Structure formats: structure tokens, C-alpha cells
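Student: I'd like to learn how to read a model with several chains. Can you walk me through it?

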Number of protein chains: 4
Amino acid sequence: MRKKTLKIAVIGGGSSYTPELIEGFIKNYSELPVTELVLVDVEEGRSKLETVGRLAERMIEKTGVPIQLSLTLDRRAAIAGADFVATQMRIGLLSARSRDEKIPLRHGLIGQETTGAGGFAKALRTIPVILDICRDMEELAPDAFLVNFTNPAGIVTEAVIKHSKIRTMGLCNLPIGTRMQIAGLYDIDVARVETEMVGINHLNWTTRILIDGEDVTRSFLSKAAGASGLTMKNIPDFGWDDDFLQAVGALPCSYHRYYYMRNTMLEHMQEKFREHGTTRADDVIGVEAELFELYKDPELAVKPPQLEKRGGAYYSEAAVNLIKAIYNNTRNIQTVNVKNNGILPFLPNDASVEINCVIDAQGAHPIQPLAPVTAQMRGLLQVVKAYEELTVKAAVEGDYASALQALAIHPLVGDAALAKKVLDDILLENKEWLPQFPQAEE
Amino acid sequence: MRKKTLKIAVIGGGSSYTPELIEGFIKNYSELPVTELVLVDVEEGRSKLETVGRLAERMIEKTGVPIQLSLTLDRRAAIAGADFVATQMRIGLLSARSRDEKIPLRHGLIGQETTGAGGFAKALRTIPVILDICRDMEELAPDAFLVNFTNPAGIVTEAVIKHSKIRTMGLCNLPIGTRMQIAGLYDIDVARVETEMVGINHLNWTTRILIDGEDVTRSFLSKAAGASGLTMKNIPDFGWDDDFLQAVGALPCSYHRYYYMRNTMLEHMQEKFREHGTTRADDVIGVEAELFELYKDPELAVKPPQLEKRGGAYYSEAAVNLIKAIYNNTRNIQTVNVKNNGILPFLPNDASVEINCVIDAQGAHPIQPLAPVTAQMRGLLQVVKAYEELTVKAAVEGDYASALQALAIHPLVGDAALAKKVLDDILLENKEWLPQFPQAEE
Amino acid sequence: MRKKTLKIAVIGGGSSYTPELIEGFIKNYSELPVTELVLVDVEEGRSKLETVGRLAERMIEKTGVPIQLSLTLDRRAAIAGADFVATQMRIGLLSARSRDEKIPLRHGLIGQETTGAGGFAKALRTIPVILDICRDMEELAPDAFLVNFTNPAGIVTEAVIKHSKIRTMGLCNLPIGTRMQIAGLYDIDVARVETEMVGINHLNWTTRILIDGEDVTRSFLSKAAGASGLTMKNIPDFGWDDDFLQAVGALPCSYHRYYYMRNTMLEHMQEKFREHGTTRADDVIGVEAELFELYKDPELAVKPPQLEKRGGAYYSEAAVNLIKAIYNNTRNIQTVNVKNNGILPFLPNDASVEINCVIDAQGAHPIQPLAPVTAQMRGLLQVVKAYEELTVKAAVEGDYASALQALAIHPLVGDAALAKKVLDDILLENKEWLPQFPQAEE
Amino acid sequence: MRKKTLKIAVIGGGSSYTPELIEGFIKNYSELPVTELVLVDVEEGRSKLETVGRLAERMIEKTGVPIQLSLTLDRRAAIAGADFVATQMRIGLLSARSRDEKIPLRHGLIGQETTGAGGFAKALRTIPVILDICRDMEELAPDAFLVNFTNPAGIVTEAVIKHSKIRTMGLCNLPIGTRMQIAGLYDIDVARVETEMVGINHLNWTTRILIDGEDVTRSFLSKAAGASGLTMKNIPDFGWDDDFLQAVGALPCSYHRYYYMRNTMLEHMQEKFREHGTTRADDVIGVEAELFELYKDPELAVKPPQLEKRGGAYYSEAAVNLIKAIYNNTRNIQTVNVKNNGILPFLPNDASVEINCVIDAQGAHPIQPLAPVTAQMRGLLQVVKAYEELTVKAAVEGDYASALQALAIHPLVGDAALAKKVLDDILLENKEWLPQFPQAEE
């Protein structure tokens, strides 16, 4: 697509992650010459946008790259003429996340911001906004790519696939993080590691691991049993049981702990909640406050190292790699969330899947997996995908019946009476962000 | 297939259910002129076989139908030349069932003889025996139909489909029982009720209900909410929540209570187990003892009414209806377990499914369902079918990895650490019936 | 659906076939108590409608059944409140059929009214009209069944499936005719013969033949080789080669002669055309004229025997059987054209297929075929179905590109240059019935 | 796979193409350091093997690369320990090809060495030999890749996929040739051209054409209409009709002329055959004789320019590119013939397809096509693939029924009576190479 100008709009630009992204654009300027970068946020995020925007300006100025940065609350202006729209917004802010985690916990269920009942609530809030953005794009930037980071990224991407013609890719830092963790276990450079990942967002398996082109999957699994370091920062580092890992024959992703170690994870969360009355969201609120204090320092013109505690490591790298590959028609291989279209024949064609793709100027082209997807993987993917399908329908149509069925079959809920109670709490406590649902009386 | 002779072999002939079957053959003699009926059992069932066999003789003699009855421990002789082989055996007897129910309960899981970890244990014990019977049939009665009643009937049927060329149908009393319950709710004759059922054994939905050919599904669901009487005798009669029933849009089967009402069912079981130290199997052991006392009465020449407490109502009716339709090339519609072959395109082709079929002299021919199978049904069926697929593999190959994965993804287990503990207990406590597995040390 | 009244509208009521249908309704009155029968036709068919309508009146009067007959040119009035709408119209009359046969012949191709380029032309003319009828039905009789006899019945049915919500079944006399021919070969009553037919309209195979419930397919094929009488009246009675029949392993339908005996059939047609300048349509025009002369006789009050020469034997029987089974919720098995929905997994879900179905009050429910569909059948069905898919698109959208591709891949054309010439002739000579296409200049 | 040694065995090493291959290995030595190169042929090709082998030696010697070359008639010794086995043999030599072309022509059909009845005959001769080679590989070089050039490459590859565990890729010069032709039309460097190709060998379409990453497909098609130069050397350069090309929406491959321009191509062949009694094979026999005269010249130590007339341009390039990408784990994109496995969901999973793949050390990984495969392409692919499936079965099992059905449905035959005559001629005239078939009497 090599053109004279390259405009990128970042929705949710006031996020504490933004300095990561800015650093990425600066470092990669020679291959990705961004001419215009617009950070956009909503009225209630104005102050954060300004703080982070000022820091971004200082970072750009310091390095001297000719990126023109602007800050705005006018989303349509930001989108107009963009080549890429990146979405990293959080509807309802961190306080909504806190509720997403606590409602399920109150009912004895895992409370997590991307999966289970917590991720479900986040999807209901996010999908109407993302589809609104798509409608703006269809009008103002119909050829742009939508690169979505907002969680639950798989479900949000599926909503876009089903309800918009905008070209989109859902992006997660987990695939690149997993390669990093594998490289770490071998103490080698990550460039020597290739992986075949298959599944859906936050529920994928690394089915083949290659070092220097040689398949080491089996020996890796022996090495990985019980090992620490095989998880993302935001998920407790419980090691995998050796028998189970050999049985699975692939490396489960970090988030699989919520499924395969459901009881342990639940106890871990409940303990924290019982003892401190808090969840992960509350910790993050604290980290964020500290970060924004740092960002305000007018002397600061680099990404502060404290950002790493925040949890979104490699997000910037994942995003820049993807945009760079599209812009330069690179045809390299990355793991992203795209329309299934039969690449995993046991999931619906219009589902989103997270899979290795060739990235070129036209977008992401899934590669047929070499390693077989086993019955165990297939079964788990199918039931969670059915949950996702029902969740998209519930979010788009405000349909209670779909919402109830979605939660009833989710493996982290698995009981219709409980599903109903949790659902009613979610609808009540989020009603200001759920105009699509008939408004319940308090 | 109308021939001069008609031989039926009943494996597990010493079952307390047998008088039901005998009554069925007697009543239907004009349409199903059985010439030779062989009841076969194993050495440890010899005494029950003789008791029940004597009663059967008296029943036949009293009515004067020319059925030649014989009792034997020689399974191969019984199978040789048979037109139908009916299997209703219970490997490990009721004491094994008692363990199947108690092991999961000890670990805080639902303990049930056909689904979850309990059904899994039963499948491991039963599949090697049923495949042995198939090998005998391939040699001695290759054109016979295998009509399997042994639970878990869906998994057992799938093992036969995958590992034998014998024509088989898995049979359950639930479909006919459901029609009876619907008729009961309307207080009408069951002959006026037609149903479309779809799913797999013990996990199916009645997706269309017709009275006199008219579709009354929606009005039925309103009537059914909270109603009692919509369950099999062996499952507690908890009514369905109205909102949930409307959301599902179909009548879940009795066994769905273990999924949709998981917590309630578990508490119910745990209470009984805590208070009395017993499970359903223990009750059945008592009922059986009483029944065999009755059967011994040399004056008794009819099926005693007490048999109805036993739980297997309509088994005889289901079996005789099926055999009669094949024998007479009737081409009527019955719900049985057969090879999927694409009729439910979201399940593997070689899976067993429970579905409406046309029955003729060649066997059972699935009919394409008219009502859509919703995402919720699909997701649940897919994960449970993946469990079943892994269970068949584990049972046939004695493969620990498949067994562990099967339990880890079953919705009634759903945790790999727990799955491992339960699996190890099952293998240990059943080792005398599981020669296919490497023998664990005690 | 048993109701007090039963209204049937017959579109194309002025057809010479109508006395067949009237006879069928009269004979079956006790099981199918038609209260209102409306024959409707277009202005240019007014005279035929009146002739045939008067005959129908006399037939009804003579037998005394209380069917109320009416004749009309007002299609909407005829449809309003109907329970069944039967379509047997011929857009462009027999003179259009004559052109359909002659255009391909002029270019050295088979000219046939239902398949190849001739059937293609007929589809282009018919589909807009049938969809117009569907729109009337959606408004005026949304619960009625559309029973379509108009050829090419498979393609026309597919258009309705794809572009209307009206419940429809495409009906052909070939399935019942084939059973008659088989019974004839064995000299037995047709009631003893069952068949499994699979494929698409005018391109199906009888894959299993049962007599008294026993599978005699293989022995039948030996008997059938070279036999006469295995074809419909309108297709020359060339016998099947023994080697080829054994290789196929099933009985090809009458129309398969155009594919498997393409050269022989073409020569046969060309000879007639060369010697007499006529095709089958011209013969039919003669037969029709004679029939209408007979129909005018005010003494005639029965279906005249001469109608049998016309070629549509068993149409009435097929139609009445189908309507009767729906009306009475009979649940018997008939071969009709319905939406595929995966029953033949190698064809698109929204394609029409001709297959054995259970017929009940809700419509037709396909039965999974027992006999395998071989690679040979599959390949031929797939390419002809792709042609049909393109033809439906061309007919609905007036799309030249789809039309050109449809003809280019049809096995009876198979050359793009030739396809273009034939297509251009078809569009030109039919332009008065093809408003959907941009009008070519002469 | 980077190892110390790299052994390549070339079966059919005495081919006139071999100097192309030798030149390729020499030029690419730095990236593909072949240590051992074995040319193997059969007894009847001994003299050609020696001539071409001597030339190869002189070529290697002249450039000084340390490739150790050997010539042998011992195929097993050549295969033992090989990393790659390349097959380019011709069973029955060019005289068999001459018969393959003439038999169909005698019956009024297209006679071509890779498609239609000619390609069918070649497949029957070749498949038993290739499977024999596979059995040797399974024993002597189980991890080697089989790179097959022997035509019909798609059918031969499918036979290997279905009947051997050897990893294989079928390779054709058409994909690279097509990119060259496109570059030629634009007069630009081929490196700037990317293509998406989809289909099966010798029946694929270029569905997307990109120049510098930009999609120019539509404008290319306008440019391509009627253009010359869009064909392989061995196929007459008839241009594509503009209307048809726009309708197809993609560039048909060179061999599509046999389908879309069937009549023109047939006339062209018949004219040559009528006037000169010869076919393309006869021309090639002449070219070959000249080439071998040249090869004998002891002064010659380069590939002579006259080789280009032979027709196999880019074969060497295609082969070396593929082997190089595997050896170096390059992960670039090439179009090869591989197992379908669902990448084209409308073709059987175990079919071979010709499609864009990522090539790495593990082999070829198909990429999901972006451009839709239209109904027209699908229909044609499905019927030809059904022909191929039947041909593989006929070739492996010597099954007359499959052979007859294969030819009967092939679009270039399309008549069962004709198919039988052609088949009987093929079996008779090739009987010395068809031991798998029951031997016909002359």
C-alpha cells in the first residue's frame, strides 16, 4: 500500500499503554513512516488523553521523527481518511472491570475480565461501540484496516466480521508472549523460535514448536512440565502437570489455566477477594494511578520502565509488526484473529479464530495448520465458540434468551440457574452501557 | 425380512428387566412371530438367569404362544444364527454401579451411572465386552442386527460403529418416555403425539412437538415451565425455569438436569449420600432383591407390577417396536442411536447420534430435522461428543491420555487436576474389568 | 392440517394435463376432501382454460363429489386463502419450447426442454414468474404449500428456496414412473417395489431397489441391461449397456441418456430435425390440438384415454399423493425436490435436491440415503448443480456473466465460444419473456 | 533441515530436461549445497542417461562446484539415504505419449498427454511405478521429500497422498510460467508480480494478481482479453474472449483452453493429425533427437539454448526454488500440489489441490485463498476431481468399473459408449505397462 501519507487513528488513545505504542512507531519509523497519528478518546477520558498525549509529544520531539501527532475527542475526524484504526478503549473504565470480576466471584464463579461471565459483561458493553466505530469507518475510511486490541478480542472481532464490511484483525499479545516464554525456557533468541498456534483468542494451543526450523514440540513439553515462566504477567504462574501436558500434546495458553485449573484458580481469586476485598482490577487501578503521575512529569520523554508492571507487554510490538507487514506487503507469518472461513472446519465459517496467517497488503491469510487439532481441543473450542456466537447475538440484539444460553453453557458457569442470577446482576450493574437491552428496573 | 424362523438372543438375559421383554414378545406375537428366544448370561449371573428364565417359561406357557425359549451360559451358541442380538448386560453388576456413583461424589462431582465420570467408568468396562460380542456376531451371525440397551448406550453404540461392521442401533426408553410425559401433560392418548428429537443419547432435545400433526411446540413450552412429571423415574422431578425453557425453545431431556441444574442435582445427591451413605444404585439393589424374590414364586406367570418401580419403563416397548419395524419393513418413525453420517453436520461423521429415523428391513435411516439445532444445543453436544470420542478411544485402546482428556473437558468435571484424581480412582477400583489398561499397582 | 375447508389453486389451469389432475382429486376425494378448486390462467390461455374448465365441470358433476370449481384469470384472487398452490404453467407456450429445442440443435447441441441449453432458456423465462407467484403467496396465503410441476422443476424449486419464504416442493413424475417401470420389468404390483432415489431433478439415480423389503439392486441391474421400457414416454427407449450399468451400480434415470448416451441422443434428434424440420415440441403441439378438440365434446365427462400419449403420465398421481400426505399428516415416503440442507453434503446447503422424504403436515423431511453416492454420481451432480446455481442467479438478476458461465460448464455444451453463441440466440429469441436482462438490439 | 550432507536422487535422470536441473543446482549452490546428486534411469533409458550424465559432469566440472554426481540403474541405491527424491520419468517413453494423443483423436476426442483420455492413460501407466518408488522410500529414506514432476502431476500426487506416508509435493512449471507471462504482458520484472492461484493441476485459475502488493486483477483481465503470450509453449496461443474473461473474473490457465475452447482445440489437433498424421508427441520426438545429438558433443559444458524449444521452461526453477525453501526453512510462498485437507472445502479432504503454500522445513502449508472460488470454477473442479479420484482408484486397483466411469464423466469425453471404446483401446495398446488390469486378449 506504500503511499505518500500514512494516517493512524488510535481509539482509546488516553490509555496508559499508549507510550508503548508511541515507542513502537518511533523505533520502526524507517519501515513504517507514519505521517499522521491521532489519539482519540471520550469526554470522560479527556484528562488522561491530555497527560498521555503530552508525553507522546515529548517522546516524538525528542527523537525527531516527523510524525505529526494530534489529540482529539472527535472520533469521526480522527477516523476520516485513516489507513489504520487501532482500538484499545475500555468501555466503563477500570471500575467496570472491577465489577466484571466481582459479580461472578460473588456467585462462586471465576471472575476474569476476558473469559467467563466477566468477559461476557465486557463484550456486551464493547460490541455496540466497536460496531459504531465500524459504521464511521464504512463512511469515512472504508478501505482502512481495523486493528482491534480491545478485549475480549476474539468476540469483538467476530462481531465486526458478522456485522460490518470493514477489514479487521483482532490482535493479542499472547502469541508473541508465548514465543518469548518458549525462548526464555531455552534461553535462546526469540527469532530462532517459530510456533504454530491454533484456536480462538485466549483459548489457543501452541501445537508445534520449532527451533531453527526443527520440530521440538515433544521435547519441549517434557521440559515445560511444572516449569515457571510460561504465563502472561496477569495470570498466576501455576505450572502444568506433566501427565496432562503429555496427554494434551501441545502447550495450552496462559488463559487455559481458567479451564484446566479451574478449581485452583478460583480458590486463588477467592482468597484474595476474601482477605482484601479486591481483585486484579483494583491492583491495576493502583498501577494506573502511579503511571499517570509519572507521565505528568514534563521531563519524562521516554516510556517509563514501570509500565511493564501493567501487564500488556508486547502489545506495541504485536501492533507495529502487524501494521508494518500490511504496509510493506511483507508476506511474513503472524498469529492474529480473523474470520475462520473453513480453516478450522469444525467451527462456523463466520466465526473468528486465532491462527497463523501470512500478512500482506491485502490483510491476513490463514495457513492450514500442520499439527492435528485433537478431539479435546476441538470439543473445548466448539463449546466456547458457541458461547461466543450467542454472546455476539446477545450484544448486538440485546437478546436476553441468547445471553442466558451463552452463560448457561460456558464451561466456567455450567448451570442455568446460576447463569440467570449472574446475568441479571450484570445487566443491572451495567445498564448505563447496555442500551441495547430492555432496561431492567432496579 | 419375513422368514420361516426368527431367532432372538438376549445377552444379559438374567436381568430383572427380562419379564418386560417377555411380555412384549408375547403381546406382539402376531406381528413378530419369534420362533427361538435365547436368554444368555455369564457364570456369576447363573442363579438370576435361572430364576428369571423359569418365570419367562411360565409366562410363555400360560399364553400358549409357540416361542421356544432356552437359557444358556454359552454366548456363542446363543448368537449363532440369530436374527437379532439384544444386549442388556451390566459389567460388574450393580455393585460396580454403586462405585461409579460414589467415586465422583467423593470428589465433589455428580455421580451418575450414564453421564459424567460415572458413565465414563461404565463405558470403560462395557465397550471391550460389546466389541467381543460383535466379533462373535461377525463370525456367527453377520447379518443380524445388534440392538443395544446397555448404557451409556450412545457411547457403546459409537464404539460398535467405529470398530465393527455389524449393523447396530442403540436404544433408550427416554424418547418413548418423553412422548408419554407430553401426552400426560395434555392428558391425551400418546398416539396423537409426535416429536422431533435431536441430539445424542441422554443429551437430546425435543425440538418439535405435534399433536394431531399440528406444531404446538411454543404453547407446550409455556405449559411445561415448572410442570412436574417431565422426567424419567430415576431422575428427580425438578421443574424447568420458564425463562430458560423459552430461551432454549425446546424441551430438554430428563438427563439435561445434570447439566442445566448441575448445582441443584449435586446438592440433592450429596445430601442423600451424606445422610444415608447411599446412592441410587443402593436403592436399586434393594428393589432387585425384592423382585427376584417375587420372580421365584412358581405361581407367578405374569410380569409383576412391582417391576415398574425399577425404572426401565417402556424398554420393552421400545425394543419390540424397533424389532417389529425391521422384521415387517414397516417404514415408521422411531428415535434411535445410529451413525451420524452428516445428519448433524456439526458432529463427526462416525459419531453416534440419537435422532428420528425411518425404520425398515435394512435398518434405521435418519430423517433431516426440521427445527434448527441452536448454537446452545450445538455447543453442548459438541463438547460432550468430544468427551465421548475420547472415551471410546480410551476404552478400546486402554489409553490413559485419552481418558484424562475426556474427563478434563466433560462439563460435569471441567478441571484437569480433578479429572486425574477421579480417573486414577476409577482405574484402581475397576481394574478387574479393565484389562485393556496397563494395570496400576494398588 | 385437517380443516373444514381445503382450497387448491392450480396455476396454468388451462393445461391439457388438467383432466388428469381433476380425475385424481375426484378419485381421492374421501381422503382429500377438496372444497374449492380454482383453475387460473393468463389472458392468452383463456380459450384453453375455458375448454378444459368445462370438461372439468362435467367430470365433477358426473361423479357428484362436492368440489366447488371455478375458473379465473385473476391469479391473486385464486391464491388468496389457498392451502395449496400448484403450478403447471408454461411461459411462452409450446412455441417457446419449440425454440428451446431448435436453438441448441442449430449449434450442434442437444435441444431438450428441461436440460442443457433448452432447459436453461425455459428456466430464464419461468423463474421471474414463479417468484412473482411466491410474492403473491407471501401476501395472500403465507402458510400455503407451493407444489411446483413446472420444468425445469429442480432449478425452479431452487429459485423459490433461495428467494422466498414460501414452503415449496418440486414435483416430477419420474420417481413414480421409475417404480412403475421396475414393477413392469418384474411383472409385479408397484406397491411391492420401494426405491431409494438420490440426485437432482432429471439427474437422479435409483441406488437401491427393494421388493417386499428385500434389496434386489444388484440382480435388478443384470436384468435391466439392454432392457426396454426403462424410460419415460418422451425419451427414446435406448437400453443401457451392461458393463456400464454394472460399473454405475445403480439405475440412471431416463434423462441420463442425454449425458451417458449424448452422441446417440444427439444423432437421433438431428436426424428428425434434418428429415422433418421438427422436434418433440412440434409433435406435442399436434397432440395438444387433438386433445383440445376432444375436450370440447360436451358429451365427454371423463379423462380421455388419448391423454396418455401426451407424456405426463403419473403427474396427477404424484401430485395427489403429495397433497394427500401433507393434508393427512401421513408420514409416508415420497421422492420430491427440496432444500438440500446437508442431506447431500457435497452439494450446497441451499441447493434443491431430489430425494426420498418423509411427508407430513409440516412438509417434506429428507431421509439420509443408505446407499453410498459414488464419485461418478457426485462429480456429475456437482457440475450440473453449479450450472443450476449460475442459472438461478442469471434468471433472478438478469446477469449475463452468470448465464455465460452456466452454459460454458454444462456437460451438454462444454465450450465457452459455443455457449456464447447459443446464449445470444436464446436472449434474442426470448426477449419478450426476459425483462430481467438488458434488452439486446435485434 | 540444514545438515552436513544433502543427497538428491533424480528418477528419470536420463530425461532431456536434466541439463535444466543441473544448471539450477549449479547456480543455486551457495543456498542449496548439494553434496550428492544421483541420476537414475531404467535399462531402456541407459544410453540417454549416459549421454545426459556426461553432459552434467562437464557442466559441474566447468563451474567447479563440489557436487558429487553419479549415474545408476539401481533405483534403490539411489533412493537410500536421499533427502529429496525428484521424479521426472516417463513410463513407456515418448512413443506411449504418441499413442495417448492418437487414441482419443481417432475417436473424435481431444488427445492430450495430461488431460482427458490421454492424461488418463498416462496416469494408469505412471501410478503403479510412483507407488513402487514410495515403497522404496518408506524403507530406505522415510524422511525424504518426494518432489514429483511426472504428469499428470495432480493425479500422481493424489495417488501418493492416498497410498503412501511419504511427504510429497507435486510440481508444475505452469504457476511460475503464468507469473512470467503476466510480467511479460506488463513488461515488468517478474519479482514484482504476485499471484493467487487456486484449483488443481492443469486446471487452475489465477484469481488475484498483485503488482507491488496492489491488486490489479480487474484491470489485468481487460488487458489480457485477446492478448497473445498467455500460454505455455506446448499449447496453441489462442487468446481469451473478452466477455468470457470478464465473466470468469480470473485468468484461466493455459490448459483451460482444452475445456473452454474445446471445439477450436480439437479442430486444431485434428487438422494437424489429418494433414501430417502426427501429434505434438511426434514433434517432441524430433526435438529430443536433436537435443541428444547436441548433448553428445564433448565440448558442450552448458545447457544448450535449443532446450527451450522442448517446452518445460521453468521446471528447473520451480524445482530448485521448492527444494531450496524446504532446505533453508525459508517460509516463502509457492504454488504446489498438496493434500487438500479442507483448504478447498468443496473438494474431498484427501484430494490433491494446486494452491499457494508457505514452504518451510516441514513442507508445504496451504494458505486460505482470499478471492472467492466461484460456482463456475467449483463445478468444473468438482467433476474433474471426481474423474481424478476414479482414475487413481482404477490405476491402483486395476478396476475397469472405475476406469469406465472416470472417462464417462470427463468433460472432454462425456459419453459412456465413447468412453468404453476409448478405454478398451487404451487398455489394449498399453497392456505391457498395465499389469494391474486383467489382461485383455488381443
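Student: Which rotation superposes chain B on chain C?

Tutor: First, keep in mind that this is a predicted model. To relate two copies, you look at the rotation and at the shift along its axis. Here chain B goes onto chain C by a rotation of 180° with 0.0 Å of shift along the axis, at an RMSD of 0.0 Å. The two copies are thus related as by a two-fold rotation axis. If you want to find that axis from chain B, go to I367(B): its C-alpha is the nearest to the axis in that chain, 2.2 Å away.

Student: Do the copies meet through the same surface or through different ones, and why?

Tutor: You compare the interface residues on either side. Of those in chain B, 100% are also interface residues in chain C, so the copies meet through the same surface.

Student: How many residues of chain B and chain C are in contact?

Tutor: 20 residues of chain B touch 20 residues of chain C. On chain B's side, the elements giving two or more residues are β9 (214-215), β12 (352-360) and β13 (363-366). By class, that side has nine nonpolar, seven polar and four charged residues.

Student: And how many residues does the contact between chain A and chain B take from each?

Tutor: That one takes 34 residues from chain A and 34 from chain B. On the side of chain A, elements that give two or more residues include α9 (242-248), α11 (262-276) and α16 (416-429). The largest share, eleven residues, comes from α14(A). Sorted by class, this side of chain A divides into 19 nonpolar, eight polar and seven charged residues.

Student: How far apart are the closest C-alpha atoms of chain A and chain C?

Tutor: They lie 13 Å apart, and no contact joins those two chains. Chain B and chain D have no contact either, with their closest C-alpha atoms 14 Å apart.

Technical notes:
Residues numbered from 1 in each chain as written. Chains lettered and ligands numbered in written order. Predicted model: local features only at pLDDT ≥ 70, side-chain atom pairs only at ≥ 80, totals over all residues. Contact = placed C-beta atoms within 7 Å. Helix = DSSP H or I, 4+ residues; strand = E, 2+ residues; numbered from the N terminus. Nonpolar A, V, L, I, M, F, W, Y, C, P; charged D, E, K, R; others polar. Least-squares fit on C-alpha atoms with pLDDT ≥ 70 in both.
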